[in-house]
Amino acid sequence: MSTKPRILVARAIFPEVLDFLSQHFEVESNQDDLDWSPEELVRHLQDKDGALTTGSVSISAALLAACPQLRICANMAVGFNNFDVPAMTAAGVQGTNAPDVLTETTADFGFALLMATARRVTESEHYLRAGKWTRWSYDMFCGSDIHGATLGIIGMGRIGQAIARRGALGFGMQVIYHNRSRLDAATEAACGARYVDKDTLLQSADHVLLVVPYSAASHHTIGAAELARMKPTATLINIARGGIVDDAALAVALREGRIAAAGLDVFEGEPKVHPDLLTVPNVVLTPHIASATRRTRLAMAQLAADNLVDYFFRGTVRTPVNTPLPVARSA
Ligand code: 8YV
């Protein structure tokens, strides 16, 4: 009988990472990428010591109670709002995430979405594909400038800082930010960003970009009241999490021209998208792909796998989300 720890890979991942895990563990993998219900997830996890999860796999108190053998969940995502961290800590279950390896890739995408939104890239492409482009006109798809504009970033962690650098150094933008805590002066200078309160940011930014982690406190950071404070010419970009923006209120603001445009990579209740967002033209919609380059997704999966190996064979992890390391539960 195998004495290797047993792990579940809860969603399909790169075969090479699965091969790596198989060298260390007895692995069950959802390589068919089936949509398991919470009950099915419990059934697969009940006899496992560890799990590799993604952002769509919810680790709740009820699941932890039903899986007493579980000792670690390694998330292939920097965000971990799919984990009930207090319940994991109380149950002695280690959680890990996948920071750093996706910072620059995600910042690139934040900028891509900002530029596509402000310069109306997808809206104009749809127009062209629909055969509507018959002649040039002076104001056809006029958008707003990125260079020289004021970029307001809400959430100034690693990804926010990487976006600020792109804006300040690459595009000559005035970068302002709002964050729970202010960065030290050296970090502010390195990313060319100035701290302001949230109202000042909303009122003065030409482009508002959200990259704040999701929690009860950040739910609807942008709702009808905040949208009303923004410039009517402004764009709003959300690469953070669904639920940071009130999508219904945003759809109204876009339809009524209270802001110019929005770019969204994340949605409340995704993969469902608020139906009103699908019918307004001035929004660019992408299916949660900000970290999606092959190299970065591979690095995220490998970091999650490394956390599992380190936990079971070295008694430590690289990127914990609950510290200090909880004492491993006995199998
Ligand atoms: C992931 C993300 O693609 O890392 C995160 O927090 O949102 C994305 O990079 C997604 O969560 C899948 O795990």
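Trainee: How many residue pairs are in polar contact across the interface of domain 1 and domain 2?

Mentor: This is a predicted model: local features need pLDDT of at least 70, side-chain atom pairs count only at pLDDT 80 or more, and totals for chains, interfaces and linings use all residues. Residues are numbered from 1 along each chain as its sequence is written, and side-chain values use heavy atoms, without hydrogens or water. A polar contact is a pair of N or O atoms within 3.5 Å; within protein, one must be able to donate a hydrogen and the other to accept it, and residues adjacent in sequence count only if both atoms are side-chain atoms. With both residues at pLDDT 80 or more, the number of pairs across this interface is 4.

Trainee: Which residue forms a salt bridge with Asp100?

Mentor: The rule asks for a side-chain nitrogen of Lys or Arg within 4 Å of a carboxyl oxygen of Asp or Glu. It finds 1 salt bridge across the interface of domain 1 and domain 2. For Asp100, the closest N and O atoms are 3.3 Å apart, and the partner is Arg158.

Trainee: What area is buried between domain 1 and domain 2?

Mentor: The automatic or database assignment gives domain 1 as 6–101 + 294–314 and domain 2 as 103–285. Buried area is the accessible area (1.4 Å probe) that two parts lose on being put together, summed over both. Carbon and sulfur atoms give 40% of the total here, which is about 560 Å².

Trainee: Which residues of domain 1 lose the most area to domain 2?

Mentor: In contact terms (heavy atoms within 4.5 Å), 6 residues of domain 1 meet 5 of domain 2. Three residues together make up 67% of what the domain 1 side buries: Asn81, Asp100 and Thr296.

Trainee: How much of the ligand's accessible area does the protein cover?

Mentor: The shell, counted by a heavy atom within 4 Å, includes Thr54, Arg241, His288 and Met300. By class, the shell has 5 nonpolar, 5 polar and 2 charged residues. On its own the ligand has 330 Å² of accessible area (Shrake-Rupley method, 1.4 Å probe).

Note on methods:
Ala, Val, Leu, Ile, Met, Phe, Trp, Tyr, Cys and Pro count as nonpolar, Asp, Glu, Lys and Arg as charged, and the others, Gly among them, as polar.
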